[in-house]
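Here is a walk through one protein model, helix by helix. Keep the 3D view open as you read.

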Amino acid sequence: MFKNVIIKNKKNSQSLASFLDFAFAEYSSAIEMLQAAKMTDNKKLARGFLNHSLDEFKHTNFFLKCLNNLKIKGEVKKNLKFDTKLVYNLGFINKNYFLFDKYSLSQFCVFIMINESQALKLFNKIKKMNVIKNIDDKKSFQNIILEEKKHLKEARKNNLLDEQYSELLEDEKRHVSLSD
């Protein structure tokens with residue numbers, strides 16, 4: 001996931017429409033992972049990026065399914081639509097470059113770790129809001145949370161990356177505290 005999605009509160013129908021933003025974010029992440037798999041010379045790393053991409057595409061489909069269920073119930077506007085061109089227009093993917101092409105491998109991986117961590121926090125928040133009502137969807141969502149944890153754990157296997165990630169998280173916490 002490469003752009004933050006904001007969840008306000010469960011009474012706000014706009015927060016339910018965040019499922020569309022999640023779909024865009026997961027889709028753009030999948031595209032970025034495909035590019036990384038294509039560009040790396042390391043076959044094992046390419047396989048990891050490809051598997052991560054497949055997970056992100058599954059997550060995209062899940063959020064679109066949730067959004068569609070909310071449309072059917074009349075809880076979100078029916079005009080909310082997923083259009084792949086919007087990942088560029090809304091800034092989920094940069095029109096000029098892919099992240100893997102612009103950044104070093106370690107910078108790219110740290111960026112992924114931060115975004116996986118943010119996604120995990122947001123997904124746990126959604127889980128607590130209890131806006132997903134269908135039992136099968138709840139199970140699927142729990143699996144997505146587990147996959148996000150797995151992605152984060154895999155990225156943290158590299159000690160150097162974990163140190164950079166920890167430093168960046170501390171810096172982000174400082175920025176957040178200054179903005180309060």
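At the start of H3, which backbone nitrogen does a side-chain oxygen of Asn-42 reach? The nitrogen belongs to Lys-44, and the oxygen comes to within 2.9 Å of it. Bear in mind that this is a predicted model.

Now follow the helix itself. H3 covers residues 43-72. H3 has 30 residues and spans 44 Å from its first C-alpha to its last. The span expected at 1.5 Å a residue is also 44 Å, and the model is close to it. After H3 comes Gly-74. The phi of Gly-74 is positive, near 75°.

Next, take H2, residues 18-39. The axes of H2 and H3 come within 8 Å. They cross at roughly 165°. An angle over 145° counts as roughly antiparallel, so H2 is roughly antiparallel to H3. The crossing of H2 past H3 is left-handed. Sorted by class, their contact holds 20 nonpolar, five polar and two charged residues.

Then turn to H6, residues 105-129. H6 has 25 residues. From first C-alpha to last, H6 reaches 36 Å, close to the 36 Å expected at 1.5 Å a residue. Asn-130 follows H6, with a positive phi near 60°.

How does H6 lie against H3? Their axes come within 14 Å and cross at roughly 30°. Angles under 35° count as roughly parallel, so H3 is roughly parallel to H6. This crossing of H3 and H6 is left-handed. On the H3 side, Leu-45, Phe-49, His-52, Glu-56 and Phe-63 make the contact. On the H6 side, the residues are Leu-105, Phe-108, Ile-112, Glu-116 and Phe-123. By class, the H3 contact with H6 has seven nonpolar, one polar and two charged residues. An α-helix has 3.6 residues a turn, so residues three or four places apart point the same way.

H6 also packs on H2. The angle is about 155°, and the axes are 13 Å apart. H2 and H6 are therefore roughly antiparallel to each other. The crossing of H2 and H6 is left-handed. From H2, the contact takes in Phe-19, Phe-22, Glu-26, Glu-32, Met-33 and Ala-36. From H6, Phe-108, Ile-112, Leu-122, Phe-123 and Ile-126 meet them. The classes here are nine nonpolar, no polar and two charged residues.

Finally, look at H6 from both sides. Phe-108, Ile-112 and Phe-123 of H6 are in the contact with H3. Phe-108, Ile-112 and Phe-123 are also among the H6 residues that meet H2.

Terms used:
Residues are numbered from 1 along each chain as its sequence is written. This is a predicted model: local features need pLDDT of at least 70, side-chain atom pairs count only at pLDDT 80 or more; totals for chains, interfaces and linings use all residues. Side-chain values use heavy atoms; hydrogens and water are left out. Axes are lines fitted to C-alpha atoms, for helices over the stretch in contact, and angles run from 0 to 180 degrees between N-to-C directions. Helices (H or I, at least four residues) and strands (E, at least two) are DSSP runs, numbered from the N terminus. Angles under 35 degrees count as roughly parallel, over 145 as roughly antiparallel, 65 to 115 as roughly perpendicular and the rest as oblique. A crossing is left-handed if the near helix is turned anticlockwise from the far one by less than a right angle, and right-handed if clockwise. Contact means heavy atoms within 4.5 Å. Ala, Val, Leu, Ile, Met, Phe, Trp, Tyr, Cys and Pro count as nonpolar, Asp, Glu, Lys and Arg as charged, and the others, Gly among them, as polar. The expected span of a helix is 1.5 Å times one less than its number of residues. A polar contact is a pair of N or O atoms within 3.5 Å; within protein, one must be able to donate a hydrogen and the other to accept it, and residues adjacent in sequence count only if both atoms are side-chain atoms.
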